[in-house]
Amino acid sequence: MSSLERSDVARLAALARIDMTDQDLDRMAGQLSAIVDAVAKVAEVADSDVVATSHPIPMANVHREDVVRPSLTQEQALAGAPAAEDGRFRVPQILGEEA
Amino acid sequence: MSDLTRMTAAQMADAMAAGEITSVQLTQAHLDRIGAVDGDVHAFLHIDAEGALATAAAVDADRAAGVELPALAGVPIALKDLLVTKGLPTTAGSKILEGWIPPYDATVTRKVREARMPILGKTNLDEFAMGSSTEYSGYGPTHNPWDLERIPGGSGGGSAAALAAWEAPLAVGSDTGGSIRQPASVTGTVGVKPTYGGVSRFGAIALASSLDQLGPCARTVLDTALLHEVMGGHDDMDATSLNEPVPGVVAAAREGALGDLTGVRIGVVKELRGDDSGEGGGYQAGVKQRFQESLDKLQSAGAEIVEVSCPHFEYALAAYYLILPSEASSNLAKFDSVRFGLRVETGTVERTMAATRAEGFGDEVKRRIMLGTYALSAGFYDAYYGSAQKVRTLVQKDFAAAFQLADVLVSPTTPTTPFKLGERIDDPLAMYLNDVATIPANLAGIPGMSLPSGMAPEDGLPTGFQILAPAHEDARLYRVGAALEAALAAEWGGSLMDQAPELEVRS
């Protein structure tokens, strides 16, 4: 398994939508590489004949009645939003100037 | 009147039912205690004196009027700040949620309210429950009441410290890799991670959805059982909730306290007892000594002790630190500056999102989100996340084989007594090793308990004894745990908490 370079971490930070300074990237590259090296050992025993488990207690087809139930009002749903307008979440512009 | 905060929850309920004390007296005593010691301990992020006293007064009025009340009505409780509480701030220990007031209650919050228990406040935790020391809280660490220079465990260090500081008799915790059991171990208290799905996760801010489980925390096994029965049960707001009755854990605790374990087979997990090098190494001498003494007590109570081997536990920690970050990176995508929490406005919504998450999340959260993003990314998915899921199967098979030979499995809860604040904060891998013995249960979804096994002779700090049972068999934890608790109390002439040092009381 390869260790993570600063450029790898920069790409991950962009994918995860977390701004990072150069200093952050250097620190994270070292720490993440150490963690990745330690966890890579899972591949040693993960043979192709072993089934993957995604959920500890298997359950299937969990349904409920398709009926309307009490839920948050529009006002409640918007109460914690950083900005709201006309009963909707208000966000900054979606596209950059060059788009 | 003697100090009301030193009673067990069961004694408090009995004393109120007998008319000896009121819930207002009891709640006020705990609020006073919080006022006197929480400046040093910092178990609480938010205290709701007004709300707690209002609930208490209403319970007292109903009791006076002869209204039938739930078993724990009037007994105060603290909630980990991971549970959403309508009208009370909820932060999950993160700056990104500072000041957020949820518009709804978690199912467990609702059940606590329906049980008429005054909610004293919300307890501190590592940010989004990522950590083993509360040092990753966005609001400063909690201090261990046994030694204020030391960690109270994590992520639920606030709940455990509140119990150990006599600030609350009961608390709710959450356990994704040991966040109930490890804090219980290092604070001399009791904590249970129920079977996955045994307690609804609706309204618990998600860390890793296939591992997270809410559970009860207290100072005695019986009190833990009483709270377990309040919290547990099916909830159709959580699709992973078990559709079956709550196990009879209170009855099991009462049976266990009688002290007879004849016919019970107890399996010592070879890989977790600290004899071997590698993952099992690094166990403190006093932790091993107290563990062996507890085993001897269980044997004296009639249990048969056998050794079992779980060879794939060696890979459990690695699998956990792939599965957890992967699920967390997805769960935490909702903190996007749009619907709740912080917004650092910088140009477009995408730029704003990245600036907000940079400012709102702490380092450990960022590390795990990035690790999860990496493990799930194209080209690496099979080697990392896919392999980790296979290890999960192997760990489950190890447990299944071990439970053929034993009714419960046991180990020390955590390899050491609490370490000093700051000692491991810059070494993520050293921090992760705290949970080496607790993580396998989360991977397999089985229930686990930690209860005090004594104090390590070398440092006088608490050591913990872990009990694990097959899925759905939570009651076995309580039977064996109560038997051990009774045997140790007989030897000590009281509980371990009676031996805890006194905190300085400030006015």
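Two residues are taken to be in contact if their C-beta atoms, placed from the backbone, lie within 7 Å. By this criterion, and leaving aside residues up to four places away in sequence, Ala319(B) touches Val42(A), Ala388(B), Val391(B), Arg392(B) and Leu443(B). The model is a predicted one, in which local features need pLDDT of at least 70, side-chain atom pairs count only at pLDDT 80 or more, and totals for chains, interfaces and linings use all residues. Residues are numbered from 1 along each chain as its sequence is written, while chains are lettered from A and ligands numbered from 1 in the order in which they are written.

Between the two chains, 46 residues of chain A are in contact with 56 residues of chain B. On the side of chain A that touches chain B, two or more residues are given by each of α1 (6-15), α2 (22-39) and α3 (74-79) of chain A. Helices (H or I, at least four residues) and strands (E, at least two) are DSSP runs, numbered from the N terminus. The most is given by α2(A), with seven residues. By class, this side of chain A has 34 nonpolar, eight polar and four charged residues. Here Ala, Val, Leu, Ile, Met, Phe, Trp, Tyr, Cys and Pro count as nonpolar, Asp, Glu, Lys and Arg as charged, and the others, Gly among them, as polar.

A residue is buried if 20 or more other C-beta atoms lie within 10 Å of its own, exposed if 12 or fewer, and partly exposed in between, with C-beta atoms placed from the backbone.

Two pairs of helices in chain B were examined. Helix α2 (residues 23-41) and helix α3 (residues 49-64) of chain B pack at an angle of about 160 degrees, with their axes 8 Å apart. Axes are lines fitted to C-alpha atoms, for helices over the stretch in contact, and angles run from 0 to 180 degrees between N-to-C directions. The two helices are therefore roughly antiparallel (angles under 35 degrees count as roughly parallel, over 145 as roughly antiparallel, 65 to 115 as roughly perpendicular and the rest as oblique). The residues of this contact comprise eight nonpolar, three polar and one charged. In the second pair, the axes of helix α7 (residues 221-231) and helix α8 (residues 249-257) of chain B come within 8 Å and cross at roughly 165 degrees. This makes α7(B) roughly antiparallel to α8(B). Their contact divides into seven nonpolar, one polar and two charged residues.

Helix α5 (residues 157-164) of chain B has eight of its eight residues buried, so this helix is largely enclosed by the rest of the structure. A cis peptide bond, with omega about 10 degrees, joins Gly154(B) and Ser155(B), and Ser155(B) is in the loop between β3 and α5 of chain B. Just after α5(B), Trp166(B) has a positive phi of about 60 degrees although Trp166(B) is not a glycine. Trp166(B) counts as buried, with 24 C-beta neighbours inside 10 Å.
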